[in-house]
Amino acid sequence: MDEQINGVRLHFTDTGTYTAAHAFPNVPTFVFLHYFGGSSLSWQPLIDRLSPRYRCIALDMRGFGDSEAPATGYAVADYADDVAALIEHFHLTDFTLVGHSMGGKVAMAYAARQPAGLRELILIAPSPLSPEPISDDERQHAVEAYGQRAAAEQTLRTITARPLPAELQARVMDDNLRSSQAAWRAWLEHGSREDLSTLLPQISVPVLILSGEVDKTIKPDVIQREVAARLSSTWRVQMIMLPDAAHLLPLESPDAVADAIRHFVNPQPNRYPAGSVRALLTTDLVTPQTRRALTERLENTERLESPATSSLPVAPQLFTPAEFDTLRAICARLLPNAQDLHIDLAAQLDARLQIGKGNGWRYDVLPPDQEAHQRGLQAVDETAQALYKQSFVALDTSQQDAVLRTVQSGAPPGATWKTLPAKRYFEELLAELAECYYSDPTAQETIGYVGMADAAGWSAIGLNQLEAWEPRHNIETIPNISAASLPTRQIASDQAAPPMRHYTLDEVVDAVVIGTGAGGAPLMARLAAAGMRVVALEAGKFWKPQSEFATDERAQSALYWNDERLSAGTDATAFGNNNSGVGVGGSTLHYTAYTPRAHADDLRLHSEFGVGVDWPLSYADLKPYYDELERYLGVSGPAAYPWNDDAARPSYPLAPLPLNGAAQLMQRGCEPLGIRTSPAPNAALSARYYQPGVGWREACTNRGFCQAGCSVGAKASTDVTFIPNAIQDGAEVRAECFVTQFVRDSSGQITHVVYIKEGVEYRQACRTVFLCAGAVETPRLLLINGLANSSGQVGKNFMAHVGLQIWGQFHEDVRPYKGIPGGLISEDTHRPKGVDFAGGYLLQSIGVMPVTYASQLVRGRLLWGEPLQDHMLGYNHTAGINILGECLPYPGNYLELSNEHDARGLPKPRIHFSYGENERRLESHADLLMRAIWSNAGAREVWAFHRSAHIIGTCRMGSHSADAVVNPDGRSFDIPNLYIADNSIFPSALSVNPALTIMALSLRTADRFIEHAKQGNM
Ligand SMILES: Cc1cc2nc3c(=O)[nH]c(=O)nc-3n(C[C@H](O)[C@H](O)[C@H](O)COP(=O)(O)OP(=O)(O)OC[C@H]3O[C@@H](n4cnc5c(N)ncnc54)[C@H](O)[C@@H]3O)c2cc1C
Ligand code: SF4
């Protein structure tokens, strides 16, 4: 290809089938600059090796190859200008410059300009920026050799260690002889003599230098001294000497050069050989409950691996044989079994659908799961018939891929697609399969995930840190750790339903608390401490974390609220593991435990910006509770929190938790941008902590599994904090009791709470009800019962934080399964200046477990097949940043009862959620900023996952009964003995995580109630 670039007609090649075929925009582009007397063709052997994965642009530098040869303009700076113009021409935003010999000098001169988008510099036998060390005689001889075949042949012999294949020799000769005289002379007489060495310290990107061991043209020691040693500003310089090679490395040793380049620019997959996880499971590095969960899953794989059983037909339970065949064929394209894996995804999906196990939500536009999949498979076949007149299974793999891409694009042919949104169905199917695949321990070992080996926790959690015993390559070789060397722990909570007081159903207790999460548990403890008779009804079970919580995402999915919610709207929010929990402890069982306080201005959104509403409370009302909670929960945090606006605030009781890889990278990326960061306040213990009435709680062991349950008891979920205290003070917690109704007397007061346990209905008599079931179940219960809604506000004002995540992969070993997932915070964006939106957001670093990451990756990017599996190979090098941004209440965002019913016969909730202009603008601002942070930190394969997090609003607190459900004390305006204390009462979303504020409100509600009670006003 030829283009007029920088005023000269330049020729270049542009190769890279991977990009075109798979629409995979995030892989870097290589830009190649050849040696003196070469051309773009000199790169062909290397391009052949790299282009299946990367886009490769190779330039004929002016005066060489097929490019124009102007009379002048051959200074190094002119060549660097050409490169700049070429980069601009292609709009490259993520590229690696590869310069050979003369091209190396030009590449360095260009890199010293610190262009945006340049990620690495690869220098192959580079001409140094200082004058090239050749004598005047040699130089004169070279000038005179221009255009002479014999001299060119001699040069070729000199610059290679051994003869090249004939075809390459011919190419080198041809390139040499077609060089323009102007360019030839200019380089020898001027370019190679220019002293630009002062530019070297301005190069700040990672640099790989390759040198031929027997190169006599530019010897390795010259390169070491003049280039490598003088690159003082870059954080990563690597020099590799290739044996048996001289100056024409890319032609002499293309395999070695390609490997070195791939190795340098790519995160290195930490892949383990088959059998590694099995070996690991035999050690004490894995807890018994984790071993149980993984062994069970492996048994399935073993059945398929064994020649005796692998050929036995699997009879589908739900799908017809034809549907099952189609599903099998689809699975083989979307998630082919890598290497020697034997994961039967089709059988797993069939079994899961048969037992009706859901994940807590589905897009409202899709029918229920079973129906969606049956119709979806039929529709895929219709598309195959429409495109190729054959069934999907009869097609060859490239045709099958074409069918799947058509479905993915959203407008495939086929009658069934008219009533089944293709894109959404494709996303669902892909996410389902990716979750199954990466839940399998044998797939996990292919991406180097060994997070299950956390029985002793992790102490080496920073970048490039591994435990002494941590497997590097082959787990089979690691020494066993004896149980005796593991830390012993005493976890107060490790007993299901500990001994407690019991109340009879007829006993009119002072309070029935519905839900035991962040809202229910604190007030339960407070009321019990005040001597009140309290019964808590909790839909989920009483867990025994130490013996039941496995380090396995699939096994732990029982902690999520898995009853199906219908998610509608243009930004339909995900529930299940993304949003709410079930069990004694509620969502705190799987929260990340970030506990920043709300700021005073968070509660005055309307006064500050004229949008949303103000809270009927001020920071002063919450402050004593924040102070108390941080002390009680044992929040770990910095000595001086940079965004503290409360001069009278006590410091955090515990030192910060250590920063993991993601946190260190975010810190590195923020520094050059002047963004302040701090270890986050987190309610996980950085040291053993004494909790009155409970005993010692153990320190966090950095096992990184907070979002799937802390088996150590270090994280302040309510099951290890408020609930044991409440029980000690006489409260009764009834687990696995699902509240369905409220019985009222003629005055409208609630007299009984009706609940179902093991299919049997019970009624508990009570004086007061505290409804703390979360921002979906609380309004759902009220709407089902037609209660407390004279304002018409029940279910309205649903909000969810803008929770955009930006992920990147890094050269460094990050090991995203180690350390608390959220280690670093910045609130510099709490109220950013000069922006076009109300409110603000905070920034947090994030780690991630493999199943969650794979699921987000396929939902966010619809990656499948080789690109998906390739990307997942970089799992151990992955880090994220996440925001939590203000979300305004809108009339169109609300919860309603659908006409679909759950297993109990209750209407399923449908939640409508779409971003408004404010959320979109805030998200765009954060998107740019987080990409800049990751760019500074050296990230690659950066991608955005658009999501919202936390369920907020739906039973707004306010000062007036006309537009609010509860008053500032949490008391219903309509029913005096009904209180609400959970995330539903927030009038606005806040620009911070909600849990600490929910707990503060809960304690305040309890105190106000106790005060009223003392006044005989209960
Ligand atoms: C993965 C994840 C990470 C998070 N990270 C953070 C974080 O770092 N910081 C932060 O501040 N917040 C975080 N959150 C949010 C935080 O956990 C929630 O906002 C908070 O727990 C909500 O408290 P709640 O009392 O409103 O509801 P929940 O804590 O969800 O409690 C509601 C309880 O009610 C029970 N229930 C519901 N319906 C019924 C019924 N009909 N009968 C009986 N019981 C019922 C449920 O089982 C549940 O136990 C996170 C949430 C998730 C899911
Ligand atoms: S708090 Fe989180 S990181 Fe620490 S031990 Fe518990 S689960 Fe692991």
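Two strands pair if DSSP finds at least two bridges between them. Helices (H or I, at least four residues) and strands (E, at least two) are DSSP runs, numbered from the N terminus.

**Ground rules**

I am looking at a predicted model, where local features need pLDDT of at least 70, side-chain atom pairs count only at pLDDT 80 or more, and totals for chains, interfaces and linings use all residues. Residues are numbered from 1 along each chain as its sequence is written, chains are lettered from A and ligands numbered from 1 in the order in which they are written, and side-chain values use heavy atoms, with hydrogens and water left out.

**Entry 1: strand E19**

I began with E19 (residues 760-771). Which strands pair with E19? I found E10 (residues 509-514), joined to E19 by five bridges and running parallel. Val 512 stands opposite Val 769 there. Strand E29 (residues 978-980) also runs parallel to E19, with three bridges.

Strand E18 (residues 750-757) runs antiparallel to E19, over six bridges. His 752 faces Ala 765 in that pair. E18 and E19 make a hairpin with two residues between them. In the turn, Glu 758 has a positive phi of about 45 degrees.

I noted a general point: strands of a sheet pair through backbone hydrogen bonds, either parallel or antiparallel.

**Entry 2: the eight-stranded sheet**

Next I looked up an open sheet of eight strands. Its order is E1-E2-E4-E3-E5-E6-E7-E8, and the pairing is mixed. Which strands are at the edges? They are E1 (2-5) and E8 (237-242), each pairing on one side only. From one strand to the next, the twist averages 25 degrees. For angles, axes are lines fitted to C-alpha atoms, for helices over the stretch in contact, and values run from 0 to 180 degrees between N-to-C directions.

At the E8 end, E7 (residues 207-212) runs parallel to E8, with six bridges. Leu 208 stands opposite Gln 238 in E8.

Then I turned to E5 (95-100). Five bridges join E3 to E5, and the two run parallel. Val 31 has Leu 97 as its bridge partner in E5. On to E6: E5 and E6 pair in the parallel sense over six bridges. Val 98 has Ile 122 as its partner in E6.

Is E5 enclosed or open? Six of the six residues of E5 are buried, so E5 is largely enclosed by the rest of the structure. Buried means under 20% relative accessible area, exposed over 50%, partly exposed in between (1.4 Å probe, protein chains only). Phe 95, Leu 97 and Gly 99 point one way, while Thr 96, Val 98 and His 100 point the other way. In a regular strand the side chains alternate between the two faces of the sheet.

**Entry 3: helices H4 and H3**

Helix H4 (residues 102-111) lies across E3 (29-33), E5 and E6 (118-124), and runs at about 140 degrees to E5. H3 (residues 76-89) packs against H4 at about 70 degrees, with the axes 9 Å apart. H3 and H4 are therefore roughly perpendicular to each other. That label covers 65 to 115 degrees; under 35 counts as roughly parallel, over 145 as roughly antiparallel, and the rest as oblique.

I listed some residues in contact (heavy atoms within 4.5 Å). Among them, Val 76 and Tyr 79 are on the H3 side, and Met 102 and Lys 105 on the H4 side. By class, this contact has 10 nonpolar, no polar and one charged residues. Ala, Val, Leu, Ile, Met, Phe, Trp, Tyr, Cys and Pro count as nonpolar, Asp, Glu, Lys and Arg as charged, and the others, Gly among them, as polar.

**Entry 4: helices H15 and H19**

The axes of H15 (residues 321-334) and H19 (residues 422-439) come within 11 Å and cross at roughly 75 degrees. H15 and H19 are therefore roughly perpendicular to each other. Leu 327, Ile 330, Cys 331 and Leu 334 in H15 meet Phe 426, Leu 429, Leu 430 and Leu 433 in H19. This contact has eight nonpolar, no polar and no charged residues.

**Entry 5: helix H25**

Last, I opened H25 (residues 661-670), where Arg 668 is found. Seven of the 10 residues of H25 are buried, including Leu 665 and Met 666. Arg 668 counts as partly exposed, at 23% relative accessibility. The cover over the buried residues includes E22 (824-826) and H30 (917-937).
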